[in-house]
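Here is a short briefing to read alongside the model. Please keep the sequence and the 3D view open as you go through the points.

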Amino acid sequence: LALEEASRMQDPTAKITSVKAAHKFFSEDKDRAFEAKMMDEHSRLLAFQQQLEKETDDKISFFGQSVNETITTCLLNGMSKRADKLKSDFKVPDKRFWYIKLHALTKTRDFEGLDAF
Amino acid sequence: TTDHDFKEHLDVSLLKDIARNSLVQALNSVNGAKTLVLDPSLAGPLSLVAEISLLQQHGVDKMFWLEAGPLTAVTTNVVYLCRPQIRMVKVIADQIKRHARESKTHTYTLLLVPRTSTLISRVLEEEGVLGDITISTYNLQFIPIADDVISLEHENAFKEIWVDGNEASVYDSAQALHTLQKLYGRFPRIVGKGDAAGRLATLLTRQTTQSSAGSDNAQALSEKFDSLIVIDRRTDMITPLLTQLTYEGLIDEVIGIRNSHVEVPASLLAAPSNPSAPPSDPSTSTPPASSLLKEKKKKQHLSSSSDPIFGELRDLNFASVGKRLNKVARRLDEDYKARHKAQSVAQLRDFVGKLGSLQTEHQSLRLHTGLSEIIVPYTRSSVFNKSLEIQQNLLSSYDVPGQISAIEDLLAQGADMQLVIRLLCLASITAGGIRAKTLENIKREFLQTYGYDLLPLLLSLAAPPLAILLPNPLPPSTAPEVAAFKYPYPTLRKSLRLVIDGTETLDELENDISYVYSGYAPISIRLVQCVAQKGGVLSNPASGKTRSASDDAAGRGKSQASVKVQAHPIVGWKGFEDVVGSISGKTVDIAQNGLGSADTVSASATSHPPQQGQATTTVVFFLGGCTYTEIAALRWAGRQNQGRKFLVATTGVVSGASIIESIAGVGRGAAASKGP
């Protein structure tokens, strides 16, 4: 499977390519619509992460993280706008998003933020 | 009757000797000093069989892990010891070619565990090194991990059979069981459930027939065994998905037990009061593998033979462990106090003589108190209790949609990946699938939370032959075999009396095997009871009122005045054909006669009944692994009857976590295999 290959890939561009290949495989089979959608999301996430890394001048590494982890990293680094964008892009439900935010705020000991919550 | 019970156990240490001797033989087949290169996944099993010193006695000079990269060996002989995996062999080929380039000359021997395969030599041929290496085998089979448990210690068997479709471990199991037959005689009857179990039974009978035809030692029927019961893990996926609640099971859930060794903080093992612990004491000396693995945490071998307190605790429901520990502590305290009462010199000497064993006990008490302290906060956590609640509700099919949204909550909170997926699978099995839309949503959430890399895991869980995470109704395009796998849980719950509800306290529950899961009886063990303890399935054999009734119902088992019911002879699935038939997968029932041909049983053929006072052993083989809790339940079941002991044989000890992780490919194994 191209998928397993993708998970091992370290190089960003190669990884996106193989995830896209996996996407193609899944879209050929109409019973695999869900998997295809997921792979599409995956490649979008990877692209977004690349962009984030560029924005932060490669100081913070995002690549290969899950959606949750990416949001957490954004929040931890004071990029809450980006976190909100991720939330809407990936349709993260409120409940989960608040949990992530809660954990992140506790981690940074941002008690004012917690209060405003 | 403790010592009486003890005698009834089959002596399985013989198997360890065999494993040891064949290792020595394999090593001795290479003359002179040698460098041993070891597959990390074999280190654990090997440490159960032999010590480092034994290896050294037989010429092992240095040991390395088998891993990618160059190998520097001083000795001419290089011995590789590994499982026949292509990945491993490629590494070996790479090392050999590297040596050739550096024009170093070594003699290579490859010992494959447990046997060689043509695939391996093909790979070596393709790599162009087949001529440089001698291929041989080290036939490692059952290793005793307790008096009544023997294991192949093959952790990936489950994944290989039901995810990869690799049947090698079925074959290896048949080989190992055949060895058992060679030692103790032929199983008079083989009963089993599940497709893979069916293939195993076929392989085993074929092997038996061949071996008796080929050689003159046609084996007689075993005097010691009355039957072999093969339970295919696929027939009971529910049990491993649940959280284990016995002491040993919880240690496995929380800390993880690998090859009977648990990693605990070193401080727990150190004895500050007694820094010069006698090195001869086998229970405290850490096994050789730990010196190889340079880890901060120390490994402790858990075994009831060297640690009586553990033997007492291992199968207890965790709720009663605290009480028991307290009792042991009090007794120890009393024993220590006895010193003050010592008056004469003789009494004093007597006490000093006992001191050694007291200290050992003291030490193990410390260990178990420490372990409990690690476990208790975990069992008090909200996630743990929530998941238990979900499990119990799902098992009684109570408010399934509510449970699913509770799982979603856990997911949102970022609970452990394996916990969430276990609950999801459980919901899917017990409820016959999850509503398609809900399932899709959760799967999406799941991937977003834990990473898209886990999509293969979801796919393997949904694909046949596993198919334990399914939408309901099934999409029309699904393969028919998937539909056939549907698990008749609600019916089974009634017919096998899986969930004991009501107001019984834990103490009363202790009378049924459901005690181990605080109210749920493992299906796998109920199936075993269907064959070997029919009364126990229908009602609680230990509750006096119903005992005679259940005996009548089952039509076997002579009611006795004594507490224990005499074990009835093995008559296959009789009485439970319908129930067993409702579970997908092949049902096996074969009688083996002494002459070597195997026929499907006719109704009249029953094994000879166990004579009064004479004990037989029923071997229960779990293909694909069993949990510590199931072992505990079988031990319990074994205590209910007179005249029959269970010997648990398995491909390995598993837990829900280890199954999920092995499928996901992120096992604890991967983390532990980093060596020097």
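Two strands count as paired if DSSP finds at least two bridges between them, and strands (E, at least two residues) and helices (H or I, at least four) are DSSP runs numbered from the N terminus. This is a predicted model, in which local features need pLDDT of at least 70, side-chain atom pairs count only at pLDDT 80 or more, and totals for chains, interfaces and linings use all residues. Residues are numbered from 1 along each chain as its sequence is written, chains are lettered from A and ligands numbered from 1 in the order in which they are written, and side-chain values use heavy atoms, with hydrogens and water left out.

**The sheet of chain B**

- Chain B has an open sheet of five strands with parallel pairing, in the order β2-β1-β3-β4-β5.
- The edges are held by β2 (60-65) and β5 (133-137) of chain B; each has a single partner strand, so one side of each lacks a neighbour in the sheet.
- On average, neighbouring strands here are turned by 20 degrees against each other, direction ignored.
- Five bridges join β4 (residues 107-112) of chain B to β5(B) in the parallel sense, and L111(B) has S136(B) as its bridge partner in β5(B).
- Helix α5 (residues 86-101) of chain B packs on this sheet, touching β3 (77-82), β4 and β5 of chain B, and its direction makes about 165 degrees with that of β3(B). Contact means heavy atoms within 4.5 Å; axes are lines fitted to C-alpha atoms, for helices over the stretch in contact, and angles run from 0 to 180 degrees between N-to-C directions.

**Salt bridges**

- A salt bridge is a side-chain nitrogen of Lys or Arg within 4 Å of a carboxyl oxygen of Asp or Glu, and the count over all chains is nine.
- One of them joins D94(B) and R98(B), with the closest N and O atoms 3.1 Å apart. Both residues lie in α5 of chain B, four residues apart, about one turn of the helix.

**Where chains A and B meet**

- Chain A gives 25 residues to the contact and chain B gives 19 residues.
- Together they bury about 2,100 Å², 59% of it on carbon and sulfur atoms; this is the accessible area (1.4 Å probe) that the two parts lose on being put together, summed over both.
- One salt bridge crosses the interface: E41(A) pairs with R444(B), the closest N and O atoms being 2.2 Å apart.
- On the side of chain A that touches chain B, the elements giving two or more residues are α1 (2-8), α2 (12-28), α3 (33-55), α4 (67-76) and α6 (94-108) of chain A. The largest share, eight residues, comes from α3(A).

**A helix crossing in chain B**

- The axes of α16 (residues 345-380) and α17 (residues 382-395) of chain B come within 4 Å and cross at roughly 65 degrees.
- Y378(B), T379(B) and R380(B) of α16(B) make the contact with S382(B), F384(B) and N385(B) of α17(B).
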